[in-house]
Amino acid sequence: MLSRLAAGGPDAPGIVRKVRHLCVNAFVAVEDDYCRDQIELIELYMADLFSAAAHQRRRRGSVSAVDMLKHKIGKCLGTFEARLMSMASARRL
């Protein structure tokens, strides 16, 4: 999905709504504060990804805001997945 986000920017309200919907569903489904923190960060970064003002605020040197935000979203998703796997493994013990 991240590869389809293209350049970000303010012209994709449908994607933002879909991500918010997915985040709300994930937040409700998981009862773990750490996972919920990651979900909230994903929602924040996605909102910034599609905000022109956030692009200017988040720009860091030669790294574009879009690339930085996509990286952060990917990192949060990976952390979320690892935590879910860890919790599932602990339940099997």
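**Notebook: a first look at the helices**

I searched the whole structure for disulfides, meaning pairs of cysteine sulfur atoms within 2.5 Å, and the count was 0. I then looked up Cys76: it is in no disulfide, and the nearest cysteine sulfur, that of Cys23, is 9.8 Å away.

Before going on, I noted that this is a predicted model, where local features need pLDDT of at least 70, side-chain atom pairs count only at pLDDT 80 or more, and totals for chains, interfaces and linings use all residues. Residues are numbered from 1 along each chain as its sequence is written, and side-chain values use heavy atoms, with hydrogens and water left out.

**Overall layout**

I looked up the secondary structure next, with helices (H or I, at least four residues) and strands (E, at least two) taken as DSSP runs numbered from the N terminus. The protein has 4 helices and 0 strands, and its pattern along the sequence reads α-α-α-α.

How much of the protein is buried? I used under 20% relative accessible area for buried, over 50% for exposed and partly exposed in between, with a 1.4 Å probe and protein chains only. Of the 93 residues, 30% are buried.

I also checked contacts, which are heavy atoms within 4.5 Å. Among those between residues at least 6 apart in sequence, 64% join residues at least 24 apart.

**Back to the cysteines**

**Asp32, in a loop**

I found Asp32 in the loop between helix H1 (13-29) and helix H2 (33-49). At 11% relative accessibility, Asp32 counts as buried. Its side chain reaches the backbone nitrogen of Tyr34 at 3.2 Å. Leaving out residues up to four places away in sequence, I noted that Asp32 touches Arg83 and Met87.

**Asp37, in helix H2**

My next stop was Asp37, which sits in helix H2. Asp37 is partly exposed, because its relative accessible area is 40%. Which distance separates Asp37 and Phe80 in space? From C-alpha to C-alpha they are 9.1 Å apart, while in sequence they are 43 residues apart.

**A charge over a ring**

Last, I looked for a charge over a ring, which needs NZ of Lys or CZ of Arg within 6 Å of the ring centre and within 35 degrees of the ring normal. I found Arg36 over the face of Phe27, 4.4 Å from the ring centre.

Methods
Polar contact = N/O pair within 3.5 Å; in protein donor to acceptor, adjacent residues only side chain to side chain.
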